[in-house]
Amino acid sequence: MEEKVSVVILNYNGGELTARAIKSVLSQRGVSPEVIVIDNGSTDGSREQIEREFAGRILLKANPTNYGFAPACNQGFELAGGEWIALLNNDAWADPRWLKTSLERAQTGKRIGIVVPRIIRDFARDQLDGIGVGFYADGLSRAKHRGEIDSRRFDLEPVYIPSGCACLLNKKMLEELKGFDSDFFIYSEDTDLGIRAYLRGWRCLFEPRAVVYHSYSQTTATGSGYSSFKLYQVERNRLWILFRYYPWYFIIFFPFFSLLRYINQIFSAGKGARDLKIWSWMGAFFRAYLDAFLSLPKP
């Protein structure tokens with residue numbers, strides 16, 4: 001019997017990007033997914049566009065304002081009727097076999113909670129956008145193998161953490177973990193979920209036949225990949241991950257690890273990062289550290 005699968009897509013002023021993501025899910029082969037779109041207070045007319053173009057084919061929930069990625073995804077999880085729930089960023093689109101191959105992988109063992117696809121850069125098809133998520137020594141999480149040449153040589157490599165860009169999630173697992181931690185708003189909520197799933201005995205598997213194409217950071221940073229908003233969220237949330245899950249000896253030395261990372265990022269940063277005003281950059285950085293220490297999420 002074919003298991004029912006739901007797909008949750010968030011829209012925030014996504015325009016044609018969100019429409020493309022929805023169309024790619026409706027075009028999946030071998031499965032008939034339930035499509036749930038959560039609109040986070042869009043003001044660009046994209047919510048109305050989605051209502052007109054996909055009337056009767058999707059479930060659309062409109063929020064009055066931007067609730068954030070993690071809280072809005074949790075809304076989608078609650079609405080979903082599938083035994084499996086897939087996430088797909090609105091700036092990504094899926095190969096027609098994404099869901100079918102992911103579901104096949106999900107049936108290969110017990111306590112499988114997450115299936116990770118091969119995510120490829122939309123504008124550089126020979127490069128990986130990532131295979132799951134890895135860690136820096138100072139708590140920062142980043143897509144594994146980002147920018148590397150696309151290859152299936154990673155088939156046997158263990159994957160522990162999914163990317164919120166695209167993944168398949170077991171609904172029973174989500175119910176047990178109570179979904180994403182809404183405190184994270186956006187960024188690192190997938191890392192937090194993956195760690196909690198691992199600690200509860202849920203398995204995360206990689207399926208190389210499942211492919212998703214991603215136009216990185218098109219939503220939060222208007223295509224540049226850099227913004228003071230993103231800097232604030234990333235820095236605050238990685239400190240939460242550090243203090244919640246890392247051993248004491250990493251916590252003690254994290255300033256040293258962070259300094260090395262900052263130096264590397266400064267020298268490797270592109271024009272998008274250099275365009276940020278120094279006062280904006282410093283302000284976001286200071287607020288991130290202050291808020292991280294004043295409002296640590298509960299373990």
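**Second largest pocket**

The second largest pocket has a volume of about 190 Å³. A pocket here is an open set of points on a 1 Å grid over the protein atoms alone, where a 1.4 Å probe fits, with protein on both sides within 12 Å along at least five of seven lines; lining residues have an atom within 4 Å of a point. Grid points are joined across faces, edges and corners, and the volume is the space filled by probe spheres set on the points.

The model is predicted: local features need pLDDT of at least 70 and side-chain atom pairs pLDDT 80 or more, while totals for chains, interfaces and linings use all residues. Residues are numbered from 1 along each chain as its sequence is written, and side-chain values use heavy atoms, without hydrogens and water.

The lining of this pocket consists of Phe-135, Tyr-160, Ile-161, Gly-194, Ile-195, Tyr-198, Leu-199, Tyr-245, Tyr-246 and Pro-247. Nine of these residues are nonpolar, one is polar and none is charged. In this scheme Ala, Val, Leu, Ile, Met, Phe, Trp, Tyr, Cys and Pro are nonpolar, Asp, Glu, Lys and Arg are charged, and the others, Gly among them, are polar.

Helices (H or I, at least four residues) and strands (E, at least two) are DSSP runs numbered from the N terminus. Nine of the 11 residues of H6 are buried, among them Glu-189, Asp-190, Asp-192 and Arg-196. Buried means under 20% relative accessible area, exposed over 50%, and partly exposed in between, with a 1.4 Å probe and protein chains only. After H6 comes Gly-201, with a positive phi near 90°.

Most residues other than glycine have a negative phi. Lys-178, in the loop between helix H5 (171–177) and helix H6 (189–199), has a positive phi near 60°. Tyr-187, found in the loop between H5 and H6, has a positive phi of about 80°. Lys-178 is exposed at 70% relative accessible area, whereas Tyr-187 is buried at 18%.

**Strand E11**

Of the 12 residues of strand E11 (residues 203–214), 10 are buried, so the strand is largely enclosed by the rest of the structure. E11 pairs with strand E5 (residues 92–94) in the antiparallel sense over three bridges; two strands pair if DSSP finds at least two bridges between them. Ala-94 is opposite Val-212 of E11. Strand E6 (residues 112–121) runs parallel to E11 and is joined to it by eight bridges, with Ile-120 and Tyr-213 as bridge partners.

**Aromatic contacts**

The whole structure contains nine aromatic pairs. Rings of Phe, Tyr and Trp (its six-membered ring) pair if their centres lie within 6.5 Å; planes under 30 degrees apart count as stacked, over 60 as edge-to-face and the rest as tilted. Trp-93 and Tyr-213 are stacked, because their ring centres are 4.5 Å apart and their planes at 25°. This pair links strands E5 and E11, across 120 residues. Trp-93 is partly exposed at 21%, while Tyr-213 is buried at 15%.

Phe-184 and Trp-240 have ring centres 5.3 Å apart and planes at 85°, so this pair is edge-to-face. Phe-184 is in the loop between H5 and H6 and Trp-240 in helix H7 (residues 228–245), so the contact ties together parts 56 residues apart in sequence. Phe-184 has a relative accessible area of 0% and Trp-240 one of 3%.
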